[in-house]
Amino acid sequence: MTLLDFIKTKLFLFALFIYSPWAMAGINLFKDEHGKTNWQHLANWSSGTLIIILTITVTYLFIARRKAFIANRELNAIRKELEMRVQERTATLQETNKALESEVSQHVVTADQLRESESYIKDILTSMPLMLVGLDKEGRVTHWNRMVEELSGVRSEDALGKTLWEAYPTMTVVPEHIQQAIEQKKTIHLKQSMRSLRHFDITIYPLQGDYEGVVILVDDVSKEKTAENLLIHNDKMSFMGEVASTMAHDINLPLQAILMDLRRFHNVLADSQQQGGGAQNELLEEIAKDMSNRGDQVSKIINNLLTFSRSRHSEKQLTNMVDVMEHTVDLGKEVISGDDTLSFNQVKLDWQVEKNLPQVACYITEIQQVFLSLFRHSMMALQQRASKEEFEPTIKIVLAQGYDSFWIKIQHNGIGLSSDEQMGLFEPYFSDNEEAEGFDAGTHLSFSYYIITEQHQGHMAVTSDPTVGSTFHMELPLPQ
């Protein structure tokens, strides 16, 4: 209720009181005995009543003002609190807006980085020198880089979404390879050759994430394969030249002896016809016997060469190395050709063999050829020394076990090797120089070194002194 309403209400009540029967009766109280109104008393009463009413009004107004002051103070407090809350909300909103703006900026930067990374990765996959094909689990193409486009002639737009075999029907990868890589979670390696002119290494590896699929990498290794084949061909030619040289040397000596015996036979036969026989017949028999022995030697050399070319086993065989060495010595006495200075039969063999030696896993005929080459090489050094001085030609053969290896040593006391000769002893010999026609490839042991180190995973070395001789050291691993 407002103050105006309060005053109106009080005046209305005062008017009712004035004109009410009680008020009229009160007025009668202010008349004297003569019936006249005592206006002094009436005025006093009216003013007192008015003062009382005003006092009540003032009191009410004071109370109302007090209440209004208190309400106003509370309203101010509420207003201040609301203002503070509005400021806090405004600050919070500003901080939130700043955080949102920062987060949005970070998202924009992240999105730009993702786009750059995606573009960078795409450029890498597109520009890589390997052919790369991405497939999903159904074999449909998801990636097809530039190298595949160049090889297949199919554009990336035409290949994406199709199966690999629809996009590139001549591809040697079959669906079973894809399923195997996905199901077994393992990498598959394949090789492909196109008319022996182009060679490819194909790698299929599964994706390791939640997305099932595979990636196919195709590497064109034609140049590397050609270079490898050329290197292998050169090595083979070097080895064949070395073997051919040694065999030709062995065969040439008995053949020259046979030709010389034939000439002697012809001369003796002519003299015998003129003189009528006698001692010439015995000489003819001796010459014929020598030719027969020489012919047997040539036949054994050829048989040994044929045996070596035919008897290679696919797997190594456990064998007694002492037996192999003894058999090689016997074979050397038959096939290693000596000269007028010294023959293999005249060389003293000094054996040093440990007892209870284990068996060795090896290719028997190849190891036998290694020993034969070393004996032949030793004979050449012994013959060189025998042509200069008198001495007891000796070849020392040592067979022993050392830890987990089998050790073989072949030592001779002929002319040793110089430092340069030791450096090139195990190197293949190549020459297109006419000045090197007289070079004997039999002085090289690259083929023997290859057999020991590559075919048997062993080691081979030489120690030598020109005045003392040479020692060939060989180490072969023992089976575990």
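Is Gln-457 buried, partly exposed or exposed, and what is its relative accessible area? Gln-457 is partly exposed, with a relative accessible area of 48%, where buried means under 20%, exposed over 50% and partly exposed in between, with a 1.4 Å probe and protein chains only. The model is predicted: local features need pLDDT of at least 70, side-chain atom pairs count only at pLDDT 80 or more, and totals for chains, interfaces and linings use all residues. Residues are numbered from 1 along each chain as its sequence is written, and side-chain values use heavy atoms, with hydrogens and water left out.

**Positive phi values**

- Gln-457 is not glycine, yet its phi is positive, near 50°.
- Gln-457 belongs to the loop between helix H13 (446–455) and strand S11 (459–465); helices (H or I, at least four residues) and strands (E, at least two) are DSSP runs, numbered from the N terminus.
- Lys-185, another residue other than glycine, has a positive phi near 55°.
- The loop that holds Lys-185 lies between helix H7 (175–184) and strand S3 (188–194).
- Lys-185 counts as partly exposed because its relative accessibility is 43%.

**Packing of H10 and H11**

- Helix H10 (residues 321–335) packs against helix H11 (residues 364–386) at an angle of about 50°, and their axes are 9 Å apart; axes are lines fitted to C-alpha atoms over the stretch in contact, and angles run from 0 to 180 degrees between N-to-C directions.
- H10 and H11 are therefore oblique to each other, given that angles under 35 degrees count as roughly parallel, over 145 as roughly antiparallel, 65 to 115 as roughly perpendicular and the rest as oblique.
- Residues in the contact (heavy atoms within 4.5 Å) include Met-321, Val-324 and Leu-331 of H10 and Ile-364, Phe-371 and Phe-375 of H11.

**Salt bridges**

- The count comes to 7 salt bridges, each a side-chain nitrogen of Lys or Arg within 4 Å of a carboxyl oxygen of Asp or Glu.
- One of them joins Arg-79 and Glu-83, at 2.9 Å from N to O.
- Arg-79 and Glu-83 are 4 residues apart in helix H3 (residues 39–127), so about one helical turn separates them.
- Arg-79 is partly exposed at 40% relative accessible area, and Glu-83 is partly exposed at 37%.
- Arg-146 and Glu-150 also form a salt bridge, at 2.8 Å from N to O.
- In helix H4 (residues 146–152), Arg-146 and Glu-150 are 4 residues apart and therefore separated by about one helical turn.
- Arg-146 is partly exposed at 34% relative accessibility, whereas Glu-150 is exposed at 52%.
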